Amino acid sequence: MTSALLMPRGRVRAASADGGTAAGGSAPTRILDWRHPQVASLLRRIGMIDMAVGRGGTAAPARRMAALRQAHRCIAATVRPVYSVDDARPVSQVLRRGRGSCSQRLAVLESVARASGVPTRVRGLLVDGTFWYPRFPRLQRLVPHQVVLAWPEFRLEGLPAAGHPTAPWLPVSELFGDLGELSEGTGGGFTNSGAETLFEALSRTAIDWDGATLCPASGATCDLSAYVLADLGRFDSRDELFARHGQTLCPAARTIAEPVLGRRAAGV
């Protein structure tokens, strides 16, 4: 029932053969415009301005991880979740509006990380549109059949390899603990329905795109690998991912949908 009519034409989104070896970086980009005063204001609000000292990654990984968790909580509390469809919107505009999609709020977290000296990169995932059916029960025919998702990773020098297979890179899924620990929580997995979004959920449960984690049988699933159509690999920035593979919706569809969905609260 998903739709291909609203998606960019002529895009071939094939899985990466080796998963990619992007080096990432901490420089500002068009989307991650962390030198903007809006981002500086956010840094002061969450008390991370001092983390900019020592950009070579000298701070202990535990300290940087704790700061990123604090930033995540602040973003969740101050940037209202909506269904915006413009993944390329600069972070400064998201902060000025005070609302954003999961993708846009993850971009805010990446900008905070880069501004505080933590390099980031993204893993590109092509996710089945049916994953979003619970949010649009009456509009399923308009849900794109493929959704391009930028899933951030943070480079934390000194991150121990034990318990972190991708060290020194830490996927945002593991920001609040390893997937095994998160899957054992009492809150269950993620249903992609109701007010909670992926951005909030990753702080309390395992968000597992690779099928390596099981949640208790009585709860919602933690293993979301069945929805992954292709692993597009890793990219130095989300700008590079969207330049290579395009956004989920074509420009005309974004122009029509954004004024409505960009203000619609997630879960409504």
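User: Contact means heavy atoms within 4.5 Å. Which residues does Trp209 touch, not counting residues up to four places away in sequence?

Analyst: The model is predicted. By that contact rule, and with residues up to four places away in sequence not counted, Trp209 touches Leu125, Val127, Phe131, Leu149, Trp151, Leu198, Leu224, Ser225 and Val228.

User: Which residues touch the most other members of the largest nonpolar core, and which helix gives the most to this core?

Analyst: The largest nonpolar core has 73 residues, and the members that touch the most others are Trp151, Ile207 and Trp209. Among helices and other elements, the top contribution to this core is 8 residues, and it comes from residues 102–115, helix α4.

User: How are the rings of Tyr83 and Phe136 arranged: stacked, edge-to-face or tilted?

Analyst: The ring centres of Tyr83 and Phe136 are 4.9 Å apart, with 55° between the planes. Stacked needs planes under 30 degrees apart and edge-to-face needs over 60, so an angle between these limits leaves one class. The pair is tilted.

User: How many residues apart are Tyr83 and Phe136?

Analyst: Tyr83 is in the loop between β1 (80–81) and α3 (91–97), and Phe136 is in the loop between β3 (120–128) and β4 (146–155).

User: Is Tyr227 buried, partly exposed or exposed?

Analyst: Tyr227 pairs with Phe131, with centres 5.0 Å apart and planes at 55°. Phe131, at 4% relative accessibility, counts as buried. For Tyr227 the relative accessibility is 29%, and buried requires under 20% while exposed requires over 50%. Tyr227 is therefore partly exposed.

User: Which backbone oxygen does the side chain of Ser183 reach?

Analyst: Ser183 is found in helix α5 (residues 179–183). With a relative accessible area of 6%, Ser183 is buried. Leaving aside neighbours within four places in sequence, Ser183 is in contact with Ala206, Thr213, Leu214, Cys215, Pro216 and Cys222. The side chain of Ser183 reaches, at 2.8 Å, the backbone oxygen of Gly180.

How values were computed. Residues numbered from 1 in each chain as written. Predicted model: local features only at pLDDT ≥ 70, side-chain atom pairs only at ≥ 80, totals over all residues. Heavy atoms only, no water. Core = buried A, V, L, I, M, F, W, Y, C linked by side-chain atoms within 4.5 Å. Buried < 20%, exposed > 50% of the residue type's maximum accessible area, 1.4 Å probe, protein only. Helix = DSSP H or I, 4+ residues; strand = E, 2+ residues; numbered from the N terminus. Phe/Tyr/Trp six-rings, centres within 6.5 Å; stacked < 30°, edge-to-face > 60°. Polar contact = N/O pair within 3.5 Å; in protein donor to acceptor, adjacent residues only side chain to side chain.
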